[in-house]
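Work through the exercises below with the model open. Try each task before reading its solution.

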Amino acid sequence: MALFASWEDLLDGAWMTIQLSGTAMLIGLAVAVVCAMAKTSGPRPLRWLVNAYVEIIRNTPFLVQIFLIFFGLPSLGLRLSPWQAALIAMVVNVGAYATEIIRAGIESILKGQVEAGMALGLSKLQIFRYVILIPALRAVYPALTSQFILLMLTSSVVSAISAEELTSIANDIQSQTFRSFEIYIVVTVMYLVMSLMFSALFTGIYRALFAYADRR
């Protein structure tokens, strides 16, 4: 069967999807934390800028964002590889959605807790880390991880610019073998397995970082 002859290519594509998604999740989380803090406590011009970024990204199609980065930026003299363009597009996209999720978590922290931290003599960095950020991430962790898994599934869209991830590899195999049903059934199962893997990873991270608070 032609599909069995291509299993190594499919595994390579799945690994590229995991690498691309994992990298985008980490960078996107950092972008979201910075933007959420700017939106909740930054100066007004910075809040306007972050609001504009969030609204533009959340109200435009991901495919159009990818095309703008991959096909539009070269007209400005910035040419990116498909993998680079895919990564930037995914970071920009998940950063906007995660910004609103983390903002909600930050705003759920009572001002009295921050004032208590100040009264204890904690530095601004310590207050941000222990009083604001960690409890905020714990509060929104399920929504945040669901957004990250959705990002991994959405990564299939980057096949439109020939970024070598699972869907792109599957499309290449299908064009050579014309066994569409078998190929995409296998790819569907592979995405399901990757989703379960990320879900198990996020559960482990939650237990390592936040489970102590649930036992208190």
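**Exercise 1. The fold**

Solution. The model is predicted. Read from the N terminus, the order is α-α-α-α-α-α-α-α-α-α.

**Exercise 2. Helix 7**

Compare the end-to-end distance of helix 7 with that of a straight helix, and locate the bend.

Solution. Step one is length. Helix 7 covers residues 124–154, which is 31 residues. A straight helix would reach 45 Å at 1.5 Å a residue. The end C-alpha atoms of helix 7 are only 37 Å apart. Step two is the bend. Helix 7 bends by about 65° at Tyr-141. Step three is the local sequence: Pro-142 follows within four residues of the bend.

**Exercise 3. Helix 2 against helix 9**

Describe the packing of helix 2 on helix 9 and sort the contact residues by class.

Solution. Helix 2 spans residues 7–41 and helix 9 spans residues 180–209. Their axes are 11 Å apart, at an angle of about 40°. The crossing is right-handed. Next, list the contacts. Helix 2 brings Leu-10, Leu-11, Ala-14, Thr-17, Ile-18, Ser-21 and Met-25. Among their partners in helix 9 are Val-186, Met-190, Met-197 and Phe-202. By class, the contact has 13 nonpolar, two polar and no charged residues. As for the spacing, an α-helix has 3.6 residues a turn, so residues three or four places apart point the same way.

**Exercise 4. Helix 8 against helix 9**

Is helix 8 roughly parallel or antiparallel to helix 9? Which residues meet?

Solution. Helix 8 is residues 166–177. Helix 8 and helix 9 pack at about 165°, with axes 9 Å apart. Angles over 145 degrees count as roughly antiparallel, so helix 8 is roughly antiparallel to helix 9. The crossing of this pair is right-handed. From helix 8, the contact includes Leu-166, Ala-170, Ile-173 and Thr-177. From helix 9, it includes Ser-180, Ile-183, Val-187 and Met-194. The class count is nine nonpolar, five polar and no charged residues.

**Exercise 5. Helix 3 against helix 5**

Classify the angle between helix 3 and helix 5, then look for charged residues in the contact.

Solution. Helix 3 holds residues 44–58 and helix 5 holds residues 82–107. Their axes come within 9 Å and cross at roughly 115°. That angle makes helix 3 roughly perpendicular to helix 5. The crossing is left-handed. Val-50, Tyr-53, Val-54, Ile-57 and Arg-58 come from helix 3. Helix 5 supplies residues including Val-91, Gly-95, Tyr-97 and Glu-100. The contact has eight nonpolar, three polar and two charged residues.

**Exercise 6. Positive phi**

Where do Ser-162 and Phe-178 lie? What phi does each have?

Solution. Take Ser-162. Ser-162 lies in the loop between helix 7 and helix 8. Its phi is positive, about 65°, although it is not a glycine. Now take Phe-178. Phe-178 lies in the loop between helix 8 and helix 9. Phi of Phe-178 is near 60°, again a positive value in a residue other than glycine.

Note on methods
Residues are numbered from 1 along each chain as its sequence is written. This is a predicted model: local features need pLDDT of at least 70, side-chain atom pairs count only at pLDDT 80 or more; totals for chains, interfaces and linings use all residues. Side-chain values use heavy atoms; hydrogens and water are left out. Axes are lines fitted to C-alpha atoms, for helices over the stretch in contact, and angles run from 0 to 180 degrees between N-to-C directions. Helices (H or I, at least four residues) and strands (E, at least two) are DSSP runs, numbered from the N terminus. A crossing is left-handed if the near helix is turned anticlockwise from the far one by less than a right angle, and right-handed if clockwise. Contact means heavy atoms within 4.5 Å. Ala, Val, Leu, Ile, Met, Phe, Trp, Tyr, Cys and Pro count as nonpolar, Asp, Glu, Lys and Arg as charged, and the others, Gly among them, as polar. The expected span of a helix is 1.5 Å times one less than its number of residues. The bend at a residue is the angle between axes fitted to the seven residues ending there and the seven starting there. Angles under 35 degrees count as roughly parallel, over 145 as roughly antiparallel, 65 to 115 as roughly perpendicular and the rest as oblique.
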